[in-house]
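Let's take a friendly walk through two spots in this model. Have the sequence and the 3D view open as you read.

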Amino acid sequence: MKLGVMAFNCSHGSTITTVPEAWTLNWPDTRDVVQMVDRSGMETVLPVGRWRGYGGPSDFNNCTFESFTWASAIGALTDYVTVLATVHVPLAHPLMVAKMTSTIDHVTNGRFALNIVGGWFKNEFDMFGANMRPHDDRYKYAKEWLDFLRQAWTDENEFDFESESFHAKNVWSQPKPIQKPHPPVMNAGGSPAAQDFTTRYCDMNFVILKDRTFLEGAQKQIAQLKTMARSHGRETRIWIHVYVVCRETEKEAKDYLNHYVYEKGDWEAAGNLLKIFGMQTETLDVKTLESHKAHFIAGHGGYPLVGTAEQIVDELGKLADIGVDGCLISWVDYKNELSQWIDEVLPLTEQAGLRKPFAPAQKSASRSQRSRVDSAAMAK
Ligand SMILES: Cc1cc2nc3c(=O)[nH]c(=O)nc-3n(C[C@H](O)[C@H](O)[C@H](O)COP(=O)(O)O)c2cc1C
């Protein structure tokens, strides 16, 4: 089971709550968190692609570090972890992205991966004066966009790129990324059109589990994605978002969850988010979204890992058994809860055989040896 930490490039991370310990975005804390992750042997960090927040008393996600510049700085601060950036394909030109990602791949010595999203938050698109395409057309455009990016990543010669949306002449992009043929690509869409796109063209799918009560439902969803990818002659790796509340007793964990969701949750911001998400996406139907509202407040619709360290590791084992390859974690209070995770939960994942101990050889290996091995590992 691979692990990472997500969404801490945004104020409040993934938690729509007004509790004072929620994540306040600033660089010193960001640096502390990534350096803790890097030293712990967890595989990756993921920034959310977000340009504005959702209102409400918490001002949830109203303040966000831009994802590529964030990733480049994080890359320079770390030695081991794979650094992702999230890009909205309609808001960034593929050639610009080829140059930025190649730069980050060099900064990190091959520890970069790209998460591409089609975009769904209309208020963000309005800020750019950008057109929100009809739903399935977003993935047609994403395919053209990714073809262009791939060619810029790999073609050593000057080339023209001609498609419905792009008419580019004498394209030149050097240096190429360090990773060959190019950095791994992840996609985070869930609709049938997204599943088709992701299983044909991407290395990893970042999935929202539709059925979180019965893991059999989630197992079917994952098996279907893996089968689809194989039918297109490739393997896909499944990552999910989990939100974690780990306490000494199950009761303490559940009490704290109730406190930040039901006593201090920002239901207004969650309502704003879900209204737009429900209208603009086909990831989950509106009824399911409404029933998931508390999960969105607790951790942006992620899968709950709430309980003692032992219970959480048990649950991680079940996720591994149904085919989840990696979990990206969010907490209310990233710094303190990550520290507890590293001290109390990670060692148990090793004892349970879910993860190998972070080998001292890796720790002492040269920067280039470590990073090349690890980046490939994230997509495997
Ligand atoms: C786990 C996860 C993470 C996502 N991260 C982002 C993000 O950072 N920025 C964004 O605009 N959309 C994000 N999305 C939204 C998806 O990329 C996609 O736009 C949305 O699910 C709607 O697409 P669909 O109707 O094809 O499912 C995320 C979705 C999931 C499930």
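Which residues point one way from β11, and which point the other way? Keep in mind that this is a predicted model.

G326, L328 and S330 point one way from strand β11, while C327 and I329 point the other way. In a regular strand, side chains alternate between the two faces of the sheet. Whichever way they point, these residues of β11 are all buried. Because 5 of the 5 residues of β11 (residues 326-330) are buried, the strand is largely enclosed by the rest of the structure.

Now for the strands that pair with β11. Strand β1 (residues 2-6) runs parallel to β11, and the two are joined over 4 bridges. Within that pairing, V5 stands opposite I329. Strand β9 (residues 237-246) also pairs with β11 in the parallel sense, here over 5 bridges. There, Y243 has S330 as its bridge partner.

What is the nearest side chain of opposite charge to R111, and how far away is it? It is D38, at 4.8 Å. A salt bridge needs a distance within 4 Å, so buried R111 has none. The side chain of R111 does have backbone oxygens to meet, as the table shows.

| Backbone oxygen | Side chain with the polar atom | Distance |
|---|---|---|
| G75 | R111 | 3.1 Å |
| D79 | R111 | 3.5 Å |

To sum up R111: this residue is buried without a salt bridge, and a polar atom of its side chain lies 3.1 Å from the backbone oxygen of G75.

Note on methods: Residues are numbered from 1 along each chain as its sequence is written. This is a predicted model: local features need pLDDT of at least 70, side-chain atom pairs count only at pLDDT 80 or more; totals for chains, interfaces and linings use all residues. Side-chain values use heavy atoms; hydrogens and water are left out. Buried means under 20% relative accessible area, exposed over 50%, partly exposed in between (1.4 Å probe, protein chains only). Lys and Arg count as positive and Asp and Glu as negative; His and the chain ends are not counted. A polar contact is a pair of N or O atoms within 3.5 Å; within protein, one must be able to donate a hydrogen and the other to accept it, and residues adjacent in sequence count only if both atoms are side-chain atoms. Two strands pair if DSSP finds at least two bridges between them.
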